[in-house]
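Hi there,

Here is the structure I promised to hand over.

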Amino acid sequence: MNGSKKHVKALEPRTFVLSIIVSVLSAIICMQIISRIGITPNTSIIGAIVAMTLARIPLSFLKDFRSLDRQNLVQTMTSASGFAAANCGLLAVGIIYVLGAPKYIFPMLIGSGIATVIGMHFVYKIYDSDLYPATGAWPPGIATAQALIAGDEGGEKARRLLEGVVVGAIGSHFGLPMAGVGIVFIANIFAMSALGIGLVIRGYSGVLLGLDLGKTYIPHGVMIGAGIVSLVQALVVISRKGTFSQEKTNDSLPNTVTPQETKKAIIFHTILFGLGAIVLALLSGLWGDMSFGKLLLWVAWATFSAIVAPILVGLSAMHSGWFPGFAISVIFLSLGLFMGFPGVPLALLAGYVSSTGPCFADMGYDLKTGWIIRGKGRDREYELDGRRQQMIAEIIGGFVAVVVVFFFMNMHFKLDMLPPVSRVFAATVYAGANPDVLRQLLLWSVAGAVIQLLGGAKRAIGILFATGLLIKNPIYGIGVLAAVICRIIWGTKWMEMREAGLIAGDGIYGFISAVVRSFA
């Protein structure tokens with residue numbers, strides 16, 4: 001290509017207005033869902049369905065939405081607003097509300113918004129680097145792209161996708177982990193195997209081990225150890241001149257972000273997260289709760305936690321389509337307990353750190369979708385411009401989320417409709433430091449470190465094994481392992497497009513089901 005092709009602009013009036021309208025609705029609905037159900041469904045695929053639907057409405061001013069680039073921008077902003085409102089904003093202010101400290105709610109909302117937007121910009125700057133290559137799995141991003149392409153082209157691709165969607169929706173109705181099955185045929189098989197094993201062990205730990213892992217800090221310790229080794233591996237990756245990319249396209253195109261640019265991005269965003277922590281401390285008046293030395297320690301720990309959390313969340317999201325954002329935040333919160341921080345500063349820390357990862361993962365998926373639609377980077381300038389437009393759309397979605405949470409959070413407080421994770425964070429703050437917890441964290445961090453070290457940076461089996469241990473969903477684990485066996489025996493070709501359909505069908509059914517249940 002000659003690079004002369006221009007990408008659709010996120011701020012183009014028609015695209016911008018419709019994206020804002022859909023984004024507001026997405027934010028409101030996702031806040032409702034996470035409060036009633038406890039999770040937020042895959043909003044990327046829902047945004048894609050909305051964009052495709054707009055393109056097929058027989059009105060002249062909507063005809064331009066036949067453009068896949070425009071659909072990608074609508075989908076990006078829609079997904080960003082839903083994820084940010086539910087998983088970041090409402091969750092963060094919910095912690096403060098449950099803790100019974102209403103004067104800190106507004107500062108927490110601002111701090112959460114800052115952390116969310118920085119996280120979005122962070123993944124934009126390091127996407128398609130050796131650390132987070134565009135050729136990485138990012139399974140939900142692949143599923144969304146294939147749905148958009150199949151909807152545009154029709155034919156055999158659309159038929160295979162539709163088959164997957166139908167099977168995915170039916171299987172999801174009966175409680176089967178159809179998204180997990182589909183992801184196995186896209187993602188790294190070693191990472192998915194580790195995730196499946198972790199999920200099964202956690203789900204049946206009472207039978208297998210004679211204790212409920214969910215009532216211990218063993219999973220958190222494994223994640224700490226795996227996380228530390230993963231960070232060291234990441235530093236090695238960005239320090240060497242070679243490449244880390246999992247598998248190149250048939251053109252073997254180089255990454256668009258160099259190791260040097262990755263280093264600069266990490267340093268720059270560490271500074272940004274530090275400044276955000278300072279703003280949060282100033283807005284909430286934390287100097288009245290802690291000594292100056294303790295306040296400096298709080299800012300330093302909040303900064304470190306805020307930069308490490310999205311890196312770990314991003315690795316998990318890239319390899320498996322899962323991201324243990326809340327579990328990782330609990331780890332930093334738990335360690336903060338042993339630093340002697342009081343209740344309110346701990347709650348603010350939890351809200352700030354937990355807001356860094358979800359949209360980092362979500363935007364990684366959306367950038368993967370855009371990368372596929374734009375030709376997998378073959379036109380470098382076009383790809384970079386498209387990525388920039390997605391970043392603009394994503395950040396606007398983040399601001400929409402903050403505004404929506406501001407106007408609707410009091411309604412949620414009055415109805416006691418809060419994310420369950422908010423109550424978990426608040427309960428952890430109330431519980432205080434426990435020496436036995438620290439011993440568990442230290443002991444099992446060794447096991448996590450060894451597993452991650454043995455698997456290597458590309459496979460991330462330590463991170464994914466810990467992710468499985470942190471989540472109670474044994475059926476998902478069984479489905480993942482069964483799919484791994486099928487992939488080993490029959491390969492992936494027979495599942496092409498169908499795997500994306502399984503993910504899409506699961507996501508669509510889950511979203512509709514969650515809406516019905518949350519508003520019932």
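The protein chain exposes about 19,900 Å², and carbon and sulfur atoms supply 69% of that area (accessible areas come from the Shrake-Rupley method with a 1.4 Å probe, and for residues only the protein chains shown count as cover). Keep in mind that this is a predicted model: local features need pLDDT of at least 70, side-chain atom pairs count only at pLDDT 80 or more, and totals for chains, interfaces and linings use all residues. Residues are numbered from 1 along each chain as its sequence is written, and side-chain values use heavy atoms, with hydrogens and water left out.

Now the overall build. The protein chain has 21 helices and zero strands (DSSP runs numbered from the N terminus: H or I of at least four residues for helices, E of at least two for strands). Its C-alpha trace spans about 65 × 50 × 50 Å along the principal axes. Of the 520 residues, 60% are buried (buried is under 20% relative accessible area, exposed is over 50%, partly exposed is in between, with a 1.4 Å probe and protein chains only).

Next, a spot on the surface. Tyr204, Val207, Leu208, Leu209, Leu211, Ile475 and Ile478 form a nonpolar patch there, with about 640 Å² of accessible area together. To be in a patch, residues need over 30% relative accessible area and no salt bridge; like charges are joined within 9 Å, and nonpolar side chains (Val, Leu, Ile, Met, Phe, Trp, Tyr) within 5 Å. A salt bridge, by the way, is a side-chain nitrogen of Lys or Arg within 4 Å of a carboxyl oxygen of Asp or Glu. Helix 9 (205-208) and helix 20 (474-490) each supply at least two residues of the patch. Leu209 sits in the loop between helix 9 and helix 10 (218-239), and counts as partly exposed because its relative accessibility is 49%.

Finally, the rings. There are 13 aromatic pairs (rings of Phe, Tyr and Trp, its six-membered ring, with centres within 6.5 Å; planes under 30 degrees apart are stacked, over 60 edge-to-face, the rest tilted). Phe185 and Trp494 have ring centres 5.6 Å apart and planes at 85°, so they are edge-to-face. This pair links distant parts of the chain, 309 residues apart. Phe185 is buried at 7% relative accessibility, while Trp494 is partly exposed at 39%.

Cheers
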